[in-house]
Amino acid sequence: MERDPAGTSARLVDGYALVVFDLDGVIYLIDKPIPGAVEAVGRLHAEGRAVAYATNNASRRSSEVADLLTGMGVAARPEEVLTSAAATAELLRDRLPAGAPVLVVGAEALRAELRAVGLRPVTTVDEQPAAVAQGYGPDVGWAELAEASLAVRAGAPWYATNTDRTLPSPRGPLPGNGSLVAVLRTALGRDPDVVVGKPEPALFATAARRAGQGRTLVVGDRLDTDIEGARRAGLDSLLVLTGVSDAAELLSAPADRRPTYVSLDLAGLFDPAAVVGVPGAPDGGGWSATATGDGLLLDGAGRPLDALAALYAVAWSTGDGSRSRVRGVSPAAQQALAGLGLAD
């Protein structure tokens, strides 16, 4: 699909053979669908478009995720769901002998995925695990972390399903698996041997292979996992502002965490007026963004998304992405910044 710096000339989705969705923060928050998400995926299905779901959440199996989505009104099949738990189990299956013991830190879903590929989940270092697999689980405690620490010190390779520092919730970001990994990192004085989930490209690369020769679009809400992972996999990405990362974080994003497009929500897949390509031009869409000695200035009037594109053009070229240094000159600019959470 052809795009210009300020936006898109046609529906974004028409340029892609496959749309890969992150889940938490894009389709739902914990167990409630995000407004408009069910309708957006239903529209893709109605148009016969291929979809997939790639999630770092290792607390549910692919079949459980598909059931959860279906219960929310999103008709999903297990084979459309790619989880970091399943990917970790498959990787360990390829590297360990059948029936090998693996010490698990995390939810029952990770244990089930390991059993499904012929490995044996264990809980203590005394069982001489051949590896440690660590994933998120709401009931993970000190005892599990202690056994994992002992196993790694004894020589077991340490696999982390993902390193998301937080996970989204209606009450705000909560500690994610990355926070639990940080406990072991502190205790052991080193990083995991292998991190499987995003931003590593494996989940997205696996999904993209299903698109054949067509192009794949990744839709996510996190710069440090979804967007960076898409870039590592060589795929275009759409950041939706319904989850963790916001407009302010994107201002100071390094090059490897910058999306191809930004939209407030999934309406950007279908409505050219609801999505923008980034970065834009400093002067475009009725806006003018400039860098001064004390920050970024926005003047003019137009779509708030076009204001973002102009601001990103200046912030990314000058390195000045500080949220507290963005100011509106015109009343329209002040209103747009306030609506985007960028007001000084």
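Predicted model: local features only at pLDDT ≥ 70, side-chain atom pairs only at ≥ 80, totals over all residues.

Biologist: Helices first. At what angle do H5 and H6 cross?

Modeller: Roughly 45 degrees. H5 covers residues 142–153 and H6 covers residues 177–188, and their axes come within 10 Å.

Biologist: So what do you call that arrangement of H5 and H6?

Modeller: Oblique. Angles under 35 degrees would count as roughly parallel, and 65 to 115 as roughly perpendicular, so H5 and H6 end up as oblique to each other.

Biologist: Is the crossing of H5 and H6 left-handed or right-handed?

Modeller: H5 and H6 make a right-handed crossing.

Biologist: Which residues make the contact?

Modeller: H5 brings Leu145, Ala148, Ser149, Val152 and Arg153. H6 brings Leu180, Val183, Leu184, Ala187 and Leu188. By class, eight residues in this contact are nonpolar, one is polar and one is charged.

Biologist: Now H3 and H4. How far apart are their axes?

Modeller: The axes are 9 Å apart, and the two helices pack at an angle of about 35 degrees. H3 is residues 84–95 and H4 is residues 108–116. The crossing of H3 and H4 is right-handed.

Biologist: And which residues are in that contact?

Modeller: From H3 you have Ala85, Ala86, Ala89 and Leu92. From H4 you have Leu110, Glu113 and Leu114. The contact of H3 with H4 has six nonpolar residues, one charged and no polar ones.

Biologist: Change of topic. How many cavities of 30 Å³ or more are there?

Modeller: A search of the whole structure finds two. The largest cavity has a volume of about 190 Å³.

Biologist: Which residues are closest to the centre of the largest one?

Modeller: Asp24, Asn56, Asn57, Asp164 and Leu167, out of 19 residues that line the cavity. Strand S12 (166–167) and helix H8 (223–232) are the elements that give two or more residues to that lining.

Biologist: How does the lining of the largest cavity divide by class?

Modeller: Four residues are nonpolar, eight are polar and seven are charged.

Biologist: On to the backbone. Where are the cis peptide bonds you flagged?

Modeller: One joins Lys198 and Pro199, with omega about 15 degrees. Another runs from Val278 to Pro279, with omega near -5 degrees.

Biologist: Why flag them?

Modeller: Because most peptide bonds are trans.

Biologist: Where do the two prolines sit?

Modeller: Pro199 is in the loop between strand S14 (194–195) and helix H7 (202–209). Pro279 is in the loop between strand S18 (275–277) and S19.

Biologist: What about Gln128? What is its phi?

Modeller: Gln128 has a positive phi of about 50 degrees, although it is not a glycine. Most residues other than glycine have a negative phi. Gln128 lies in the loop between strand S9 (120–122) and strand S10 (131–134).

Biologist: Last one, Gly286. Where is it?

Modeller: Gly286 is in the loop between strand S19 (283–284) and strand S20 (287–292).

Biologist: What does Gly286 contact, leaving aside neighbours within four places in sequence?

Modeller: Asp299, Gly300 and Ala301. Gly286 and Ala301 are 15 residues apart in sequence, but their C-alpha atoms are 5.2 Å apart in space.

How values were computed. Residues numbered from 1 in each chain as written. Heavy atoms only, no water. Axes fitted to C-alpha atoms, helices over the stretch in contact; angles between N-to-C directions. Helix = DSSP H or I, 4+ residues; strand = E, 2+ residues; numbered from the N terminus. Parallel < 35°, antiparallel > 145°, perpendicular 65-115°, else oblique. Left-handed = near helix turned anticlockwise from the far one by under 90°. Contact = heavy atoms within 4.5 Å. Nonpolar A, V, L, I, M, F, W, Y, C, P; charged D, E, K, R; others polar. 1 Å grid on protein atoms, 1.4 Å probe; cavity = no way out; pocket = protein on both sides within 12 Å on 5 of 7 lines; lining within 4 Å. Points joined across faces, edges and corners; volume = space filled by probe spheres on them.
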